[in-house]
Amino acid sequence: MRKLILSIAIVVIGFTAAHAQDSTRVRKAPRAAKFTAEQRAEMASKNMQQKLALTDDQKQKVYQVELDRVKKNDEWRKQDENAMKGKMDERKAFLKASKEKMDAILTADQKKNLAASRDEMRGKMKDRKWPKGLRRGDKTPPPLPAPPANN
């Protein structure tokens with residue numbers, strides 16, 4: 001019986017080690033690293049043009065706003081983490097100004113569509129986050145596991 005258990009354990013360890021070193025898996029590079037700032041701004045403006053039916057003039061203005069935003073975000077990412085914490089107010093003010101510029105470009109219907117699209121994305125991102133109580137900065141305790149059933 002011991003030999004059987006030992007043999008099974010060795011086989012399981014062998015398979016685990018073999019699959020742990022599988023080099024055929026495709027590793028995903030960070031999305032932001034693949035594209036330049038101009039490419040990311042172009043993709044964002046094309047996406048908004050499709051979703052919001054922007055005119056060519058609006059698309060060019062949206063492209064400029066997005067390009068400014070992307071470049072500023074890249075600049076912030078390169079800074080030291082401590083410096084980033086100190087400049088949070090500056091970042092919020094810049095993002096608010098960027099949103100106001102975008103609102104000046106879009107029509108009322110386009111603003112509604114953009115808000116709906118952003119709400120949808122927020123919902124998707126919220127679903128991907130950690131369970132309640134395990135989120136960083138969350139003060140509520142995690143839910144307790146169900147008590148075992150007595151037979």
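The structure is a predicted model, in which local features need pLDDT of at least 70, side-chain atom pairs count only at pLDDT 80 or more, and totals for chains, interfaces and linings use all residues. Residues are numbered from 1 along each chain as its sequence is written, and side-chain values use heavy atoms, with hydrogens and water left out.

Start with helix α6, residues 88-105; helices are DSSP runs of H or I with at least four residues, numbered from the N terminus. Its 18 residues should span 26 Å at 1.5 Å a residue, and its end C-alpha atoms are 26 Å apart, which agrees. The expected span is 1.5 Å times one less than the number of residues. Arg91, Ser98, Met102 and Ile105 are the buried residues of α6. Buried means under 20% relative accessible area, exposed over 50%, and partly exposed in between (1.4 Å probe, protein chains only).

Next come the salt bridges. Side chains of opposite charge can pair when their charged atoms come close. A salt bridge here is a side-chain nitrogen of Lys or Arg within 4 Å of a carboxyl oxygen of Asp or Glu, and the count comes to eight. In one of them, lysine 59 pairs with glutamate 42, the closest N and O atoms being 3.2 Å apart. This pair links distant parts of the chain, with lysine 59 in helix α4 and glutamate 42 in helix α3, 17 residues apart. Lysine 59 is buried at 15%, whereas glutamate 42 is partly exposed at 27%.

How values were computed:
Helices (H or I, at least four residues) and strands (E, at least two) are DSSP runs, numbered from the N terminus.
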